[in-house]
Amino acid sequence: MKKIGFIGTGVMGASVVIHLLNAKYEVTVYNRTKSKTDDLVKLGATWQETPQKVTEASDIIFSMVGFPTDVEGIYYGEEGVFKADVAGKILIDMTTSTPSLAGKIAETASILGASSLDAPVSGGDLGAKNGTLTTMVGGDQDTFNQVEEILNVFSGKVNFQGAPGSGQHTKMANQIMIAGTMTGMTELLVYAKAANLDVEKVLDTVGGGSAANWSLTNYAPRILKQDYTPGFFVKHFVKDLNIALTEAEKMGIDLPATQKARDLYESLIDKGFENDGTQALIKLWWNN
């Protein structure tokens with residue numbers, strides 16, 4: 001079996017690594033905060049101190065970090081992935097990042113004799129824990145075919161989308177949709193509470209009809225429990241929506257609803273809630 005490297009073991013990355021370990025893959029890990037890899041090492045992963053050393057020890061290297069600047073550092077930094085001999089290796093960035101950076105990594109990888117895929121995911125912390133992530137892949141079809149079995153270890157759905165950057169474009173489409181469901185779910189709760197309705201009964205009712213959606217099912221119950229722990233950070237969602245709006249501008253399209261959702265989440269950051277989960281949007285209305 002191929003040796004796997006995994007760079008970035010945060011909320012979702014750690015769960016992905018656990019699935020890979022359970023599937024009996026040999027996994028080498030790196031995270032800026034080493035303590036976040038301690039439990040993975042106990043489960044059988046091997047720690048390396050830089051992305052370069054992870055790359056040198058692996059055949060297939062995954063990365064899953066926060067921002068495009070983090071991706072740049074991991075791949076192009078002083079002890080980054082591209083400081084290793086990557087010839088013959090496959091590089092898979094699962095970060096939600098920019099299509100242009102995905103294209104840059106693909107070009108560099110090709111020059112150095114490697115292959116790369118952009119493979120952002122959707123499903124949040126629950127999808128990562130349950131191994132049911134939706135994985136959207138851009139890059140070379142033959143490279144995708146080589147790793148599809150591995151991607152299926154932690155995914156409920158894996159689809160190849162096209163050329164480098166296509167996975168990132170698909171994730172932007174996904175985030176645009178989520179922006180709408182999150183604002184709709186939040187305003188539903190605000191309205192129901194203001195109307196003095198039994199909010200739990202309302203959720204049970206509308207969740208059984210055409211208003212049903214993932215955000216309503218997974219985040220509304222957390223809000224009622226005042227659970228704002230991050231399955232997906234507010235600061236990362238704002239990053240994603242800004243990427244989506246930038247790409248939309250490049251294509252000459254206007255997305256006013258997505259712009260409004262971005263503005264609402266930026267207001268949430270202004271109030272100091274950037275490290276909460278996206279369900280914390282309700283805090284703009286409810287003080288709980």
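Residues are numbered from 1 along each chain as its sequence is written, and side-chain values use heavy atoms, with hydrogens and water left out. Because the model is predicted, local features need pLDDT of at least 70 and side-chain atom pairs count only at pLDDT 80 or more, whereas totals for chains, interfaces and linings use all residues.

**Cavity**

The structure holds one cavity of 30 Å³ or more. A cavity here is a set of points on a 1 Å grid over the protein atoms alone where a 1.4 Å probe fits but cannot get out, and lining residues have an atom within 4 Å of a point. The largest cavity contains about 70 Å³ of space, a volume being the space filled by probe spheres set on the points, which are joined across faces, edges and corners. Its lining has 13 residues, with Ala-102, Ile-105, Ser-116, Leu-117 and Asp-118 nearest the centre. Eight of the lining residues are nonpolar, three polar and two charged (nonpolar: Ala, Val, Leu, Ile, Met, Phe, Trp, Tyr, Cys and Pro; charged: Asp, Glu, Lys and Arg; polar: the others, Gly among them). At least two lining residues come from each of strand S5 (90-93), helix H5 (99-111), strand S6 (115-118) and strand S8 (133-139). Helices (H or I, at least four residues) and strands (E, at least two) are DSSP runs, numbered from the N terminus.

**Helix H12**

The 15 residues of helix H12 (residues 256-270) should span 21 Å at 1.5 Å a residue, and the end C-alpha atoms are 21 Å apart, which agrees; the expected span is 1.5 Å times one less than the number of residues. Buried residues of H12 are Thr-258, Ala-261, Arg-262, Leu-264, Tyr-265 and Leu-268. They lie on the same side of H12, because they cover an arc of only 160 degrees around the axis, taken from the directions from the helix axis to the C-beta atoms. These buried residues pack against helix H8 (166-194) and helix H11 (234-250). Pro-256, Lys-260 and Asp-270 are exposed on the other side of H12. Gly-272, with a positive phi near 95 degrees, follows H12.

**Single residues**

Buried means under 20% relative accessible area, exposed over 50%, and partly exposed in between (1.4 Å probe, protein chains only).

| Residue | Relative accessible area | Class |
|---|---|---|
| Arg-222 | 11% | buried |
| Lys-24 | 66% | exposed |
| Gln-226 | 48% | partly exposed |

Arg-222 lies in helix H10 (residues 214-224). Beyond four places in sequence, Arg-222 touches Asp-125, Leu-126, Asp-227, Thr-229, Gly-231 and Gln-279, contact meaning heavy atoms within 4.5 Å. Lys-24, a residue other than glycine, has a positive phi near 75 degrees.

Notes: On a 1 Å grid over the protein atoms alone, a cavity is a set of points where a 1.4 Å probe fits but cannot get out, and a pocket is an open set with protein on both sides within 12 Å along at least five of seven lines; lining residues have an atom within 4 Å of a point.
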